[in-house]
Amino acid sequence: MRINKDELERLARLPDDQLWAEIVRVGRAHGFSLPESTPPHSELEKLRAAVTGAKLNLGEAMRVLSNYKKG
């Protein structure tokens, strides 16, 4: 999968509910199931930081998603 940094930045600027809807949509398209309810703002901020920092940290982004999925 090719990662488009501009698209990540555009997504990161979305409000929490829209960002989460996109994450759920993309996850489903790749065989992942995520809760429909939007995570707390602090968790989404961690995701935003992981994908918009100077160095893309997909491992951290996946950890945040996994922790939220586990409840």
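User: Hi! Which hand does the crossing of helix 2 and helix 3 have?
Analyst: Hello! The crossing of helix 2 and helix 3 is left-handed. Keep in mind that this is a predicted model.

User: Thanks. At what angle do the axes of helix 2 and helix 3 cross?
Analyst: They cross at roughly 60 degrees, and the two axes come within 11 Å. Angles of 65 to 115 degrees would count as roughly perpendicular and those under 35 as roughly parallel, so helix 2 and helix 3 are classed as oblique to each other.

User: And which residues meet there?
Analyst: From helix 2 you have D16, L19, W20 and I23, and they meet H41, L44, L47 and R48 of helix 3. Sorted by class, that contact has five nonpolar residues, one polar and two charged.

User: I'm looking at L44 now. What does L44 touch?
Analyst: Leaving aside residues up to four places away in sequence, L44 touches D16, L19, W20 and I23, and also T38 and P39.

User: Nice. How many residues are in the largest nonpolar core?
Analyst: That core has 16 residues. L44 is among those with the most contacts inside it, along with L19, W20, I23 and L47.

User: Which elements give two or more residues to this core?
Analyst: Helix 1 (5–12), helix 2 (16–29), helix 3 and helix 4 do.

User: Switching over to helix 3 and helix 4: how do they pack?
Analyst: Helix 3 covers residues 41–52 and helix 4 covers residues 58–70; they pack at an angle of about 165 degrees, with axes 8 Å apart. Anything over 145 degrees counts as roughly antiparallel, so that is how helix 3 and helix 4 are described.

User: Is that crossing left-handed or right-handed?
Analyst: Helix 3 passes helix 4 in a left-handed crossing. On the helix 3 side the contact is made by E43, K46, L47, A50 and V51, and on the helix 4 side by E60, A61, V64 and L65.

User: One last thing, where does G53 lie?
Analyst: G53 lies in the loop between helix 3 and helix 4.

User: Does G53 count as buried, exposed or partly exposed, and why?
Analyst: G53 counts as partly exposed because its relative accessibility is 25%, and buried would need under 20%.

User: How far is G53 from E9?
Analyst: In sequence they are 44 residues apart, and in space their C-alpha atoms are 9.7 Å apart.

Methods: Residues are numbered from 1 along each chain as its sequence is written. This is a predicted model: local features need pLDDT of at least 70, side-chain atom pairs count only at pLDDT 80 or more; totals for chains, interfaces and linings use all residues. Side-chain values use heavy atoms; hydrogens and water are left out. Axes are lines fitted to C-alpha atoms, for helices over the stretch in contact, and angles run from 0 to 180 degrees between N-to-C directions. Helices (H or I, at least four residues) and strands (E, at least two) are DSSP runs, numbered from the N terminus. A crossing is left-handed if the near helix is turned anticlockwise from the far one by less than a right angle, and right-handed if clockwise. Contact means heavy atoms within 4.5 Å. A nonpolar core is a set of buried Ala, Val, Leu, Ile, Met, Phe, Trp, Tyr and Cys residues joined through side-chain atoms within 4.5 Å. Buried means under 20% relative accessible area, exposed over 50%, partly exposed in between (1.4 Å probe, protein chains only). Ala, Val, Leu, Ile, Met, Phe, Trp, Tyr, Cys and Pro count as nonpolar, Asp, Glu, Lys and Arg as charged, and the others, Gly among them, as polar.
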